[in-house]
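This report is for a reader who is new to the structure. It takes up a few local features in turn.

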Amino acid sequence: MRILASLLITSIFSFQTFAADVQEAFGMAAYYQFKTSDAAAIVPAMRAFSASECRKNMPAQMRLMSEHFNGDDDTTHTMIYGFANPQDMQTSYQVQGACPEFARLWSVLSKHTTPTAQSLGMTVVGGGDASKDGVYQIWQMKITDEAKYVKAYTKLMSDMEKAGLVRGAWGLVRFSAGSNQDYTHFAFSGSPDLATHVTPQDQTLYAKFSQAVAGVREIYRVNMNSVVADL
């Protein structure tokens with residue numbers, strides 16, 4: 001049912017890509033997660049908001065994700081607001097607050113969705129062009145030594161890139177608000193499509209990385225989600 005809803009939304013939206021390094025586009029990001037059994041009902045309001053002048057004046061990237069493989073999490077969708085810096089974040093929310101199209105969108109969302117989580121994250125390290133990604137793997141983790149993890153993670157991605165194994169955008173995000181006792185960070189890895197994402201590849205480098213960070217990280221949940229639209 002979620003996949004059908006996602007396909008319906010994708011067919012209605014005009015997909016607007018953005019070519020930017022992931023850290024420039026999502027240096028800070030707010031994640032609004034919700035569940036709905038009637039995703040098609042929110043499409044007209046989303047389209048109107050996306051086309052509005054106030055949305056064009058918001059210095060933010062906005063991306064709607066559909067959560068397909070997320071275990072026992074009730075979330076069906078995630079709306080991501082990406083900001084290059086804190087000032088862009090403040091400006092975006094100020095503009096949004098005065099936007100009549102957003103007020104109409106919020107009215108529809110309130111009626112047809114149930115919030116499941118809200119969080120604010122900071123990109124610690126990352127790279128790649130997110131506009132080319134359609135699918136992401138998400139590792140929710142508790143990290144006790146961020147510096148050690150980042151050092152090993154950066155080496156992993158450098159080695160993978162040299163080996164031609166990097167498929168899309170990647171990064172590590174630290175929660176600054178909205179985290180819980182189960183996880184403090186999440187890592188993500190993108191691919192252009194589902195077929196590419198699930199095609200097996202050599203796991204030797206990742207196995208060495210996992211061994212190197214075994215004492216400083218604990219994986220809480222591994223999710224997979226897909227891009228519905230950039231707004």
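In which helix do Lys56 and Glu53 lie, and how many residues apart are they? Both lie in helix 4, 3 residues apart, about one turn of the helix. Helices (H or I, at least four residues) and strands (E, at least two) are DSSP runs, numbered from the N terminus.

The model is predicted, so local features need pLDDT of at least 70 and side-chain atom pairs count only at pLDDT 80 or more, while totals for chains, interfaces and linings use all residues. Residues are numbered from 1 along each chain as its sequence is written, and side-chain values use heavy atoms, with hydrogens and water left out.

**Salt bridges**

The structure holds 6 salt bridges, each a side-chain nitrogen of Lys or Arg within 4 Å of a carboxyl oxygen of Asp or Glu. Three of them are listed here.

| Pair | N to O distance |
|---|---|
| Lys56 and Glu53 | 3.5 Å |
| Arg221 and Asp72 | 2.6 Å |
| Arg104 and Glu101 | 3.7 Å |

Arg221 and Asp72 form a salt bridge that links distant parts of the chain, 149 residues apart: Arg221 is in strand 8, and Asp72 is in the loop between strand 2 and strand 3. Arg221 has a relative accessibility of 15%, so it counts as buried. Asp72, at 63%, counts as exposed.

Arg104 and Glu101 are 3 residues apart in helix 6, so about one helical turn separates them. Arg104 counts as partly exposed, with 48% relative accessibility.

**The disulfide**

There is 1 disulfide in the structure, a disulfide being a pair of cysteine sulfur atoms within 2.5 Å. Cys54 is joined to Cys99, with an S to S distance of 1.9 Å. Cys54 lies in helix 4 (residues 53-56) and Cys99 in the loop between helix 5 (86-97) and helix 6, so the bond ties together parts that are 45 residues apart in sequence. Both cysteines are buried.

**Nonpolar cores**

In soluble globular proteins, nonpolar side chains tend to be buried together. A nonpolar core is a set of buried Ala, Val, Leu, Ile, Met, Phe, Trp, Tyr and Cys residues joined through side-chain atoms within 4.5 Å. The largest such core has 24 residues, and those with the most contacts inside it include Met46, Phe49, Met62 and Leu105. Elements that give two or more residues to this core include strand 1 (28-35), helix 3 (43-51), strand 2 (61-69) and helix 6 (100-112). A second, separate core of 17 residues includes Met141, Met160, Trp170 and Leu172.

Leaving aside neighbours within four places in sequence, Phe49 is in contact (heavy atoms within 4.5 Å) with residues including Arg55, Met58, Met62, Cys99 and Leu105.

**Helix 7**

Why should helix 7 span 24 Å? Helix 7 has 17 residues (146-162), and at 1.5 Å a residue these should span 24 Å; the end C-alpha atoms are 24 Å apart, which agrees. The expected span is 1.5 Å times one less than the number of residues. Among the buried residues of helix 7 are Tyr149, Tyr153, Leu156 and Met160. What covers the buried residues of this helix includes strand 4 (114-127), strand 5 (135-143) and helix 9 (204-212). Helix 7 is followed by Gly164, whose phi is positive, near 75°.

Terms used. Buried means under 20% relative accessible area, exposed over 50%, partly exposed in between (1.4 Å probe, protein chains only).
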